[in-house]
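Student: I have a fold on screen and want a quick walk through it. Can we start with the terms, then the layout?

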Amino acid sequence: MSEKNSSSFVGMTPSGDAELGKVQLAPEVLEVIIGIATNEIKGVANTRGNFATGVAEKFGKVMHGKGVKTEWSKEGLTIDVYCVIEYGFSVPEIAKKIQEKVRDAIFHMTSLETKEVNIHITGIQLEAGTETV
């Protein structure tokens with residue numbers, strides 16, 4: 001997942017008389033913010049990564065940005081989140097909560113407005129350690 005379509009995101013320039021320069025965010029920063037916000041939602045079992053993130057996690061590295069794809073265009077920031085939810089939770093409710101939490105986290109930490117936050121449910125976790133796709 002964790003695809004990057006832009007080398008960096010340019011943030012707002014500081015207001016005031018003195019121009020201090022530009023603030024740039026690496027796509028990985030946004031992916032970490034999104035991943036943490038997603039995993040804070042009750043009912044989200046985990047986010048879905050690719051083979052490389054799976055191998056890294058086997059060696060004990062925590063990959064907060066896995067299962068997240070960001071794309072920056074002229075219209076704005078588009079976010080895709082791929083996640084697995086726990087059995088017994090409402091899919092529409094969980095998806096709505098993820099969208100709201102991600103949008104708020106991105107805005108409050110970076111002042112960036114998001115164009116879209118798309119949620120892709122890739123599976124349901126029935127019990128700890130098992131997953132149905």
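Tutor: Terms first. Helices (H or I, at least four residues) and strands (E, at least two) are DSSP runs, numbered from the N terminus. In that scheme, the elements of the protein chain run β-β-α-β-α-β-β-α-β from the N terminus on. The secondary structure comes to three helices and six strands. This is a predicted model: local features need pLDDT of at least 70, side-chain atom pairs count only at pLDDT 80 or more, and totals for chains, interfaces and linings use all residues. Residues are numbered from 1 along each chain as its sequence is written, and side-chain values use heavy atoms, with hydrogens and water left out.

Student: Fine. How many salt bridges does a search of the whole structure find?

Tutor: Two. A salt bridge here is a side-chain nitrogen of Lys or Arg within 4 Å of a carboxyl oxygen of Asp or Glu. In one of them, Glu 40 meets Lys 101 at 3.0 Å, N to O.

Student: Which parts of the chain does that pair link?

Tutor: Distant ones, 61 residues apart. Glu 40 sits in the loop between α1 (27–39) and β3 (44–47), and Lys 101 in helix α3 (residues 91–110).

Student: Is Glu 40 buried or exposed?

Tutor: Glu 40 counts as exposed because its relative accessibility is 51%. The cut-offs: buried means under 20% relative accessible area, exposed over 50%, partly exposed in between (1.4 Å probe, protein chains only). Lys 101, at 32%, counts as partly exposed.

Student: And where does Glu 100 come in? Which lysine does its side chain meet?

Tutor: Lys 96, in a salt bridge of 3.8 Å, N to O. Glu 100 and Lys 96 are four residues apart in helix α3, so about one helical turn separates them. An α-helix has 3.6 residues a turn, so residues three or four places apart point the same way. Glu 100 is partly exposed at 41%. Lys 96 is also partly exposed, at 47%.

Student: Switching to α1. How many residues does it have, and how far does it reach?

Tutor: α1 has 13 residues and reaches 18 Å from its first C-alpha to its last. That is close to the 18 Å expected at 1.5 Å a residue. The expected span is 1.5 Å times one less than the number of residues.

Student: Which residues of α1 are buried?

Tutor: Pro 27, Leu 30, Glu 31, Ile 33, Ile 34, Gly 35, Ala 37 and Thr 38. Take Ala 37: its relative accessible area is 4%.

Student: What is Ala 37 in contact with, leaving aside neighbours within four places in sequence?

Tutor: Lys 101, Val 102 and Ala 105. Contact means heavy atoms within 4.5 Å. Ala 37 and Ala 105 are 68 residues apart along the chain, and their C-alpha atoms are separated by 6.8 Å.

Student: Now the strands. Where is Thr 47 found?

Tutor: In strand β3. Thr 47 is buried, with a relative accessible area of 3%. Beyond its neighbours within four places, Thr 47 is in contact with Thr 38, Asn 39, Lys 66, Gly 67, Tyr 82 and Cys 83.

Student: In which sense do β5 and β6 pair?

Tutor: Parallel, over 10 bridges, with β5 covering residues 76–86. Two strands pair if DSSP finds at least two bridges between them. Asp 80 stands opposite Asn 118 in β6.

Student: What do β5, α3 and β6 make?

Tutor: A right-handed β-α-β unit. Right-handed means that, with the strands pointing away from the viewer, the path from the first strand over the helix to the second runs clockwise.

Student: What about Ser 111, where is that found?

Tutor: In the loop between α3 and β6 (114–125). Ser 111 has a positive phi of about 65° although it is not a glycine. Ser 111 is partly exposed at 38%.

Student: Last one, the whole chain. What percentage of residues is buried?

Tutor: 34% of the 133 residues. Among contacts between residues at least 6 apart in sequence, 66% join residues at least 24 apart.
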